Amino acid sequence: MPAQISFPVESTAGPRTVTVTYERRGTGEPLLLLHGIGHLWQAWEPVLDVLATERDVIAVDLPGFGASPALPEPLAYDLATVAPVLGAFCEALGIDRPHVAGNSLGGLLALELGREKRVRSVTALSPAGFWSEAERVYAFATLRAMRGAARAMPLPLIERLSRSAAGRTALTSTIYARPARLSPEAAVAETLSLRTATGFEQTLAAGGGVRFHEDVPAVPVTIAWGTRDRLLLRRQGIRAKHTIPAARLIRLPGAGHVPMNDDPALVARVILDGSAVA
């Protein structure tokens, strides 16, 4: 069952209390899992139990997403704020420098945590921040269109679509290469999460000028990209490799932007291998 924890975070207006929802399973070295924009910790469900056989896995709902409340004012949704919030979250749980794996926005945050030497290793799945300006505009427009569609559909329609492979494709094919594999319950939960995410617009606004352009020399880095990623095109992985020359760059054949459901066995293996080299 998911848990919640509240902890203090410093701001320009003094200490603020942040609350984060998370799921924790397994034993071993700690592994923090970070989802993408509009998503929730359950996006990792296809790989959680496999990872938990070798790691103490903590999958979080980022602030303003899933069941985690929005960040209190004046805290912003930029890298300079959210990365320290995640560091404070780990401290509140008594975790010292976990491994981290992230997807999309979560991959960008994972790399930032690595750059700040807050983690032991980084695995980034289709991380944000390696786009050209045209690619960023395309990705942001696509995300806004997905959110607009999710907000426009009444719940009975979402539930009806989720019951068929064709309907799940209509709901989620932008981020999954194999949307029919998604369960009806997951398709509904992810659509509703996208619809209700309180941190969505502020996160997009904060990401407008983001380019990840610094090396991460202090920790082992693995970058993996689905060959059928329709949101952040796989050529961005080449830019990531140029930015972080020592990183392992891995292809995920046939996987989309959110590869955990498309190929759970491969993604779990990439994460476990990436966190074994630290």
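Predicted model: local features only at pLDDT ≥ 70, side-chain atom pairs only at ≥ 80, totals over all residues.
Q: What makes the contact between Glu116 and Arg118 a salt bridge?
A: The closest N and O atoms of Glu116 and Arg118 are 2.5 Å apart. Residues are numbered from 1 along each chain as its sequence is written, and side-chain values use heavy atoms, with hydrogens and water left out.

Q: How many salt bridges does this rule give?
A: The count comes to 15 salt bridges.

Q: Why is Glu116 called partly exposed?
A: Its relative accessibility is 28%. Buried means under 20% relative accessible area, exposed means over 50%, and partly exposed lies in between (1.4 Å probe, protein chains only). Glu116 therefore counts as partly exposed, and Arg118, at 31%, is partly exposed too.

Q: Is Glu23 buried or exposed, and how do you know?
A: Glu23 has a relative accessible area of 6%, so it is buried. The side chain of Glu23 meets that of Arg25 in a salt bridge, 2.8 Å from N to O.

Q: What makes Glu201 and Arg144 a salt bridge?
A: Their closest N and O atoms are 3.9 Å apart, so the pair falls within the 4 Å limit. Glu201 is partly exposed at 38%, and Arg144 is partly exposed at 41%.
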